[in-house]
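Please open the model in your viewer and keep the selection tool at hand.

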Amino acid sequence: MIRSLILARHSFRRTRPVVIGMAIVLAGFQFLLTQVAVFLMRNQAFGLLSSLVPDFVRSMAGPSMVAFMSFSGVVALGYFHPIVLASLLGLAITIGTEPAAEIETHFGDLTLARPMARHDVITRTVILLVATIASLLVVMTAATWTGLLCCTPTTADRPAFALIRSLATSLGAVALCWGGVAVAVASGARRRASAAGATAVTALAAYLVDYLGRIWDPARFASRLSPFHYFEPMTLISGDAVNGSNLAMLIGIGTAAVAIAYARFSRRDL
Amino acid sequence: MIAGINPKRYHCLVSAPAIQLEHLHKRYGRVTALRDLSLDVASGEVFGFLGLNGAGKTTTIRILLDLVRPTGGRAAVFGLDCQARGLDVRAKLGYLPGEPGFYGDMTGEATLDLLASLSGGTPDRAWRATLLDRLELSMADLRRPLREYSTGMKRKLGIVQAFQSDPPLLVLDEPTEGLDPLMQDAFYSLLADARVRGRTVFMSSHVLPEVERVCDRIGLVRGGELVLVSTVHEIRSLAGRRVRVSFAQPVAAPASWPGGCEVIDVSPRVWDLRVHSGLGAVVAMLAALPIADLEVQMPHLEEILKTYYSDQPHVSALARLRT
């Protein structure tokens, strides 16, 4: 475990500039959304915005569309916007594929030629993955809350902290799920690009399958196979509580993938 | 003795061979990388592991480090199975890979510190400083990111990281690749010191003069098979010395030549011979003849081993060395 932590510290030092840069951008985006919501509220534009949405989109989205076209909905957008989702998943995949990168660069030859068990490499990756995603979500939540507390009129219909926390938790779960899948793929790969590419393409396909299932009834069953099916921010905005089974499914997929990674990495030739 | 190194740590290691390979076999899909490779390397020995590219040298080394798992057979270091007791084995060795995978954004110092902390124990700063000094890497160099290092500097850093915990076994893959001649000498001197301290060295190399200079024994692997294991001295003596005799006047060749004497070329004024035994009988035969000049050449390891590298039929005397 000590060697996992030593490696994790080393990996964090190397990824620090990217993580800090991303934290600044994502925090800025969350803060900006609070101010966009304030702007829309002051101009009483939520109704106008809602009227611009085509009927078929409104009927597909259901009551969540009404919730989305509100102060809380706009603030919450930062926790499920495709760009935010793609950024976090990209980072999770990048971190998750570090074992493959170390084999590709031969750095792994130097570390694993020492009295270090192979599972330490996977443990390090999981530590880094969880710590990085959790840190980013904390920073995003803090930025949202700062925006709401310091620059929002008291008359605004501010979202409850519990909603922001639930959205961040769901986003974190889906990021960790794909991070786990990336670790599993990387544990058998020799090139980071091929491991990251395969995971990213699978994630995109899963996203599209889920999207298709949401808008087209016959594909609804297939969408259950996609991890994104268990990521439902709109229901949270509508006022539902976090669905524990959805979270458990996402964390379960990630955990199973990490277990596969431990097994594959301990048996393979490096 | 190096400060901080406990000699008792090595006492228990002396009884078992430093490296023991038993019927090692490795397949990658349909490609056989190693076939029934058996070899013992004694403690305190400097062993040269030779072979062409793809012969199986690196695969053997990676099996010792448990980076690659053998398909069959067993590898042990100081009596410890490399797969079952991998952590204990790797605690006893220092490894210099053929291509050290350093990260360009890390400094030399951070790299050495990280690798030392992964080795466990407290790194001996004085010993590291000695190594850096002998390989002419300054502290200013160590503070630079590795992307600014030349190939030779990276190789020197690789040598330092392998030697810095002063392990009982050093496994070195092409250690002088990219080093200039002065640094090669500095490296040979480090090896000589390691030998004096009783460390075992297992090194792969393409550079035959280097092997000839530093190794006690060599093993030659070809197509995954160990085709030769011998001391450098034995190989040389069995390969024979080349004797070239020039005469002041034309001389007739004798009807019979002394035992162990192989004729390469004979003309009235020059005889070109290879002598596999002592030179006494040849000198006695030449004593009565009008010799103008006599040249005796020791065989170079390179010439001998090239016959093994190629698939040509082997010299019969050398074949006897095969184990």
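A crossing is called left-handed if the near helix is turned anticlockwise from the far one by less than a right angle, and right-handed if clockwise. The model is a predicted one, in which local features need pLDDT of at least 70 and side-chain atom pairs count only at pLDDT 80 or more, while totals for chains, interfaces and linings use all residues. Residues are numbered from 1 along each chain as its sequence is written, and chains are lettered from A and ligands numbered from 1 in the order in which they are written.

Select helix 9 (residues 118-150) and helix 10 (residues 161-186) of chain A; helices (H or I, at least four residues) and strands (E, at least two) are DSSP runs, numbered from the N terminus. Their crossing is right-handed. They pack at an angle of about 155°, with axes 10 Å apart; axes are lines fitted to C-alpha atoms, for helices over the stretch in contact, and angles run from 0 to 180 degrees between N-to-C directions. The two helices are therefore roughly antiparallel (an angle over 145 degrees).

Next, select strand 1 (residues 19-28) of chain B, which seven bridges join to strand 2 of chain B in an antiparallel arrangement. Two strands pair if DSSP finds at least two bridges between them. Within chain B, B:Gln20 stands opposite B:Asp40 in strand 2.

Now widen the view to the open sheet of chain B, whose four strands follow the order 2-1-4-5 with antiparallel pairing. Strand 2 (31-41) and strand 5 (80-81) of chain B stand at the edges, each with a single partner strand, so one side of each has no neighbour in the sheet.

Methods:
Parallel < 35°, antiparallel > 145°, perpendicular 65-115°, else oblique.
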